[in-house]
Amino acid sequence: MTDKRRPIVAGNWKMNTTLRDARELATALREPLAGLDGVDSVLCPPFVYLIAAGEVIEQSNVALGAQNCHVESKGAFTGEVSPAMLVDVGCRYVILGHSERRRLLKEDDALIRRKLESAVAHGLVPIVCTGENLAENEAGRTTEVVGGQLRAALHGLGGLLGDDAGAKLVVAYEPVWAIGTGRPATAQDAGATIGSIRRTLVELLGEAAAAAVRIQYGGSVTPANAAELFAQPEIDGALVGGASLKAPDFFAICRAAAAAGL
Ligand code: PEP
């Protein structure tokens, strides 16, 4: 991690927790994270628990994020949640293009691109997920696949992001085969792929803007492997699934990111 970028660790709770769990998890994290400087921490509960978790972390240094949003601000889109609604309930971040949504809900690059533009226009900071599947990895296509996803997601958005891209965008590199498997990428491989992502960002956004964008690693991050991952100069934090559901584990990962960023 370089001293120019502040690490960011986001917990993707996915479709987990009850209302009570969500309150308890946010409560268990609020105080410990208040004492931690040098890292941005984000909790991403399910939509229905955003307000409850948001009330717990209000006025704290912990930010609220959502796991998805629709493209439009409002209208006849039954079952959807708009970026304007997310802002209204206190969200600062939104995860877009998670591999589970790409794979299970058939979200394609074009849709993710439209969501991204809308999220930024509404003042949300998208955490844009990229990552290759196992076959692509084994075929040596990681850089090509991840670069293609990023180009598609950011196509034509240089103007909207402007020189301030570092404050308006977060990218996550999440190899699909590493998500929820207990089998993370090696720190070296993750660092190398994230380095390639940054080179693509330079092409798309220019040198200065690309240097400011934070790029997380995601995929089976735990307290046991976090420090090694964060020691890689290109890795600016983590997107955490399973381990974000245990307050001590999520806190330990945030602490490792803060320590690496100092
Ligand atoms: C994720 O789904 O974004 C993720 C990284 O999950 P896990 O940490 O459980 O691998």
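A polar contact is a pair of N or O atoms within 3.5 Å. Keep that cut-off in mind for the ligand, and remember that you're looking at a predicted model.

**Stop 1: the ligand.** Select the ligand and then His98: a polar side-chain atom of His98 sits 2.8 Å from one of the ligand's oxygen atoms. Now show the backbone as well. Ser220 has a backbone N or O atom 2.7 Å from a ligand oxygen, and for Gly242 a backbone N or O atom is 2.8 Å from a ligand oxygen. On its own the ligand would expose 290 Å², and the protein buries 95% of that.

**Stop 2: the shell.** What kinds of residues make up the shell around the ligand? Colour them and you'll find 4 nonpolar, 8 polar and 3 charged. Among the 15 residues around the ligand, the nearest are Lys14, Glu174, Gly180, Ser220 and Gly241.

**Stop 3: Lys14.** Pick Lys14, in the loop between β1 (8-12) and α1 (19-34). Its side chain makes a polar contact of 2.7 Å with the side chain of Glu100.

**Stop 4: the barrel.** Switch to cartoon view and follow the strands from β1 through to β8: these 8 strands form a closed barrel with parallel pairing. Neighbouring strands are turned by 25 degrees against each other on average, ignoring direction. Zoom in on β7 (residues 214-218) and β8 (residues 237-240), parallel strands joined by 2 bridges. Here Tyr217 stands opposite Ala238 in β8.

**Last stop: α2.** Select helix α2 (residues 50-57), which packs on the sheet and touches β2 (40-44) and β3 (62-66). The directions of α2 and β3 make an angle of about 170 degrees.

Definitions and conventions:
Residues numbered from 1 in each chain as written. Predicted model: local features only at pLDDT ≥ 70, side-chain atom pairs only at ≥ 80, totals over all residues. Heavy atoms only, no water. Near = heavy atom within 4 Å. Polar contact = N/O pair within 3.5 Å; in protein donor to acceptor, adjacent residues only side chain to side chain. Areas by Shrake-Rupley, 256 points an atom, 1.4 Å probe, with all protein chains shown as cover. Nonpolar A, V, L, I, M, F, W, Y, C, P; charged D, E, K, R; others polar. Helix = DSSP H or I, 4+ residues; strand = E, 2+ residues; numbered from the N terminus. Pairing = 2+ DSSP bridges. Axes fitted to C-alpha atoms, helices over the stretch in contact; angles between N-to-C directions. Contact = heavy atoms within 4.5 Å.
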